[in-house]
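User: I'd like to learn how to read a few features of this structure. Could you walk me through them one at a time?

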Amino acid sequence: MQLELLAQLRAQNPIVLNISNFVTVQDVANGINALGASPIMSEEIAEADALVQMSGAVALNLGAFTKQQLAHIKKTGELANQYHKPLIVDPVAVGAVTYRRDVALQLFEDFQVDIIRGNAGEVAALAGIAWQAKGIDAGEGSGDKVAIAQAAAKRHHCVVILSGATDIITDGTQVVQVANGTPLFQLHVGSGDMLSSVVAAFAAVSGGDYFAAAQTACLVFASAGELVAQELPGELPGTFAAKLLDELHLITTADVAQIARYTEA
Amino acid sequence: MQLELLAQLRAQNPIVLNISNFVTVQDVANGINALGASPIMSEEIAEADALVQMSGAVALNLGAFTKQQLAHIKKTGELANQYHKPLIVDPVAVGAVTYRRDVALQLFEDFQVDIIRGNAGEVAALAGIAWQAKGIDAGEGSGDKVAIAQAAAKRHHCVVILSGATDIITDGTQVVQVANGTPLFQLHVGSGDMLSSVVAAFAAVSGGDYFAAAQTACLVFASAGELVAQELPGELPGTFAAKLLDELHLITTADVAQIARYTEA
Amino acid sequence: MQLELLAQLRAQNPIVLNISNFVTVQDVANGINALGASPIMSEEIAEADALVQMSGAVALNLGAFTKQQLAHIKKTGELANQYHKPLIVDPVAVGAVTYRRDVALQLFEDFQVDIIRGNAGEVAALAGIAWQAKGIDAGEGSGDKVAIAQAAAKRHHCVVILSGATDIITDGTQVVQVANGTPLFQLHVGSGDMLSSVVAAFAAVSGGDYFAAAQTACLVFASAGELVAQELPGELPGTFAAKLLDELHLITTADVAQIARYTEA
């Protein structure tokens, strides 16, 4: 775990290019902006080359795209590879919608992803393992989540984050599990999308160590949510969303270190 | 009034497919998620069949669509009919913009809507009754709102919700009026959009009784807003929006029963 | 400075048509709605004529547009000229992305803009002056910001607002500088977008005095942010965003007059 990446992120203020999900785009932009990165969003392929070049990392969200946007997503991923920018993909609802799964798997043929961030249903679908996903939610399955994450990482030659009550981060062999967090993340739509772009922000300052970036991003984000939840008088999803932005700005390395609960294996 | 639908909604956690207004999409998703449903949004016609099939209800928002999206809206409505899923339409600004009214009326030829939810200006336009709408707002008119709602329901063979200081819900003959609410709803853009998707969530668990679903949805939503407003020290639209999400998650059947003010006729 | 425009805005509740940035659209709609205007958003060229006609002002945001949307933006700007509606343009990231700058400069050939609102990097790009912009942020430059704003205003024959810690408003000759504000605006993505639409709302009630509208809009908006920041216990970007909407609704002419700090030259 490299907590010093948080200070580096704030010092460098990396530009993170997001091909974003229109459902959650503003919240994602505000989340990484509050944390200390500089978000830029785009839907126009004509500016993809320039935007990838100026960015420190690229986050592709596969939620709610059209065929037209798909060409943009593909091009942006290819450009990220070409310019050696860290590339993060969030495969929204690929576990529930066959069309989305097929699109995601094709994209992974077109470019090399560095980090995938999804829930159990999404990661299982990308690993080719049976799982009962439900819409945008993880759903239920009987498989071993660690094994699922490892299988997806090996299949796609990348780091995988399987988000949930415990976040599982793996490069296919090594596994880190982050136990911090709060059920309130589930009550706020777009928490996962925001985490994916936070991961991109950490990847931008990681010097190419995407496994470290993924772990640290999960730990910082989960800790921020946990700190907010501790102060709330109840399950308040709207108040949580506002205060999560506050905490992403305020949280320090010392705050994270104090409440961190994770295992490395 | 079937308040037990609220408990059923939370127990069943129905997937609600939203073809949404890009202006308010995140707030709508968070609203029905906080209440206890599972939102999914889409802009891609290629996944419409799969998404309608997996959903418990479909909400079509006619705010801010393009011609391309219109094909998607039409197809999704037809699929909702085909798979016998409850279909809710929010005809944003059809009272103010002739183009939007014409599109909405054509759509009602293409598929059978189950519930329409609009303000006075919007419902009047769909009933073919003169009214002075103003942009996205209801505007002013001298007509009898109950008669307007009944006329729209009879014309389109569906349940109609005419939202306002008092919500009027009718199947064309029977009328329920919900007096709960707060002027703060008007100060938060997208309150109506959110209500429309809340109606869809209730319709998904109503066993086909859309008149009951519409009434209960309006009562629960208006009561949540009223409870939030009671606790605010003033007219605070931003704080209201956050706390409305909190209350949609917290509100109980008992809370609603205690402050409910409605008439049935 | 014409603070009475705030009361006029609330009395007239002008419709403001926004061709908006999908990243920040809901926040912008809520901001001008809270202030006292009536927002309407659109992405469909078929309704552009009707929407421009019914509006009191038009705000075009050049953040995150596609080529398809560009045709809509161009048409809407031309219609604003044709119907003599005040036309405000927010040239998002034209300082950082050549494609966006070229598009903006072409648009200024197609229609006559009345007010441009951007940060230093954006305004410098439109003035043809070198500046080191960074993504959506202003970046750093050594030029005289007042001279840059004046050059842009002269070049495009319009009022220019160069936003920053101090807002510079100029008609090319006269200059007003508003010193109110808070660094929290930078921590909330879309503060600039919201200001641009607030400027449009003031322009709608200004009787054609766009220089006065621009000044007053900046002063009211900056004062609202400053008042919110004064009450916060720290740098809380999420809480700030919610309370900014509250304050835009609550702020009075007297509140603004009491804290106003500006110079006219």
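This is a predicted model: local features need pLDDT of at least 70, side-chain atom pairs count only at pLDDT 80 or more; totals for chains, interfaces and linings use all residues.

Analyst: Let's start with naming: helices (H or I, at least four residues) and strands (E, at least two) are DSSP runs, numbered from the N terminus. Residues are numbered from 1 along each chain as its sequence is written, chains are lettered from A and ligands numbered from 1 in the order in which they are written, and side-chain values use heavy atoms, with hydrogens and water left out.

User: What is the phi of C:Asn13?

Analyst: Most residues other than glycine have a negative phi. C:Asn13 has a positive phi, near 45°, and is not a glycine. C:His157 also has a positive phi, about 55°, and sits in the loop between helix H7 (145-156) and E8 of chain C.

User: Is C:His157 buried or exposed?

Analyst: The cut-offs are under 20% relative accessible area for buried, over 50% for exposed, and partly exposed in between (1.4 Å probe, protein chains only). C:His157 is exposed at 63%, while C:Asn13 is partly exposed at 22%. For a buried case, take B:His156, with 9%, in helix H7 (residues 145-156) of chain B.

User: Which residues is B:His156 in contact with, leaving aside its neighbours within four places in sequence?

Analyst: Contact means heavy atoms within 4.5 Å. On that basis B:His156 touches B:Leu105, B:Phe108, B:Gln112, B:Val113, B:Ile116 and B:Leu126.

User: Now the sheet in chain C: in what order do the nine strands come?

Analyst: Two strands pair if DSSP finds at least two bridges between them. The order is E2-E1-E3-E4-E5-E8-E9-E10-E11, in an open sheet with mixed pairing. At the edges are strand E2 (38-41) and strand E11 (262-264), each pairing on one side only. For a pair inside that order, look at E9 (residues 167-170) and E10 (residues 175-178) of chain C: they run antiparallel, joined by four bridges. C:Thr170 has C:Val175 in E10(C) as its bridge partner.

User: How do I read two helices that meet?

Analyst: Two packed helices are described by the angle between their axes and the distance between the axes. The axes are lines fitted to C-alpha atoms, for helices over the stretch in contact, and angles run from 0 to 180 degrees between N-to-C directions. Helix H11 (residues 237-250) of chain A and helix H11 (residues 237-250) of chain B have axes that come within 5 Å and cross at roughly 140°. Angles under 35 degrees count as roughly parallel, over 145 as roughly antiparallel, 65 to 115 as roughly perpendicular and the rest as oblique, so H11(A) and H11(B) are oblique to each other. On the A side A:Pro237, A:Gly238 and A:Thr239 meet B:Ala242, B:Leu245, B:Asp246 and B:His249.

User: And how are whole chains related?

Analyst: Two copies of a chain are related by a rotation about an axis and a shift along it. Copies are superposed by least squares on the C-alpha atoms of residues with pLDDT of at least 70 in both. Chain B goes onto chain C by a rotation of 120° with 0.0 Å of shift along its axis (RMSD 0.0 Å). The two copies are therefore related as by a three-fold rotation axis. They use different surfaces, since 7% of the contact residues of chain B recur in chain C.
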